[in-house]
Amino acid sequence: MFPSLPTMTVLVPLLSLAGLFYSASVDEDFPQGCTSTTSLCFYSLLLPITIPVYVFFHLWTWMGLTLFRHN
């Protein structure tokens, strides 16, 4: 069974932040080393950006369909 949406809303940013801190503590060239897609740091920075964008556009699409259907 999957965790509920409120649990995931709290859990995903916390895990992303933990990954970011882990990358900052392990990587010697942390800010400059985040440009390579093979780096763990790249994905720990990409995840906190991707999830809110996905949720925004998902809700935007849902609202558009809802308004289109009711008008």
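Predicted model: local features only at pLDDT ≥ 70, side-chain atom pairs only at ≥ 80, totals over all residues.
Of the 71 residues in the chain, 13% are buried.

Let me turn to the fold. The secondary structure of the protein chain comes to two helices and zero strands. Helix α1 takes in residues 5–26, and helix α2 takes in residues 40–70.

I begin with helix α1, where alanine 24 is found. Alanine 24 has a relative accessible area of 33% and is therefore partly exposed, given that this class lies between the buried limit of 20% and the exposed limit of 50%. Alanine 24 and serine 44 are 20 residues apart along the chain, and their C-alpha atoms are separated by 10.0 Å.

Next, the annotated segment. The UniProt record, an unreviewed entry, carries the annotation "transmembrane region" for residues 42–68. In the model, residues 42–68 are 100% helix and 0% strand.

What makes up the nonpolar surface patch of about 780 Å²? The contributing residues are Leu47, Ile51, Tyr54, Val55, Leu59, Trp62, Met63 and Leu67. Taking one of these residues, isoleucine 51 is placed in helix α2. Its relative accessibility is 32%, so isoleucine 51 counts as partly exposed.

I close with the aromatic residues. The structure holds two aromatic pairs. In one of them, the ring centres of phenylalanine 56 and phenylalanine 57 are 5.1 Å apart. Why is this pair classed as edge-to-face? The planes of the two rings stand at 75 degrees, and planes over 60 degrees apart count as edge-to-face, so the pair falls in that class. Ring pairs also bring in Trp60, linking Phe56, Phe57 and Trp60 into a cluster.

Note on methods: Residues numbered from 1 in each chain as written. Heavy atoms only, no water. Phe/Tyr/Trp six-rings, centres within 6.5 Å; stacked < 30°, edge-to-face > 60°. UniProt positions renumbered as here; feature names shortened; annotations may be inferred. Helix = DSSP H or I, 4+ residues; strand = E, 2+ residues; numbered from the N terminus. Buried < 20%, exposed > 50% of the residue type's maximum accessible area, 1.4 Å probe, protein only. Patch = residues over 30% accessible without salt bridge, like charges linked within 9 Å, V, L, I, M, F, W, Y side chains within 5 Å. Areas by Shrake-Rupley, 256 points an atom, 1.4 Å probe, with all protein chains shown as cover. Salt bridge = Lys/Arg side-chain N within 4 Å of Asp/Glu carboxyl O.
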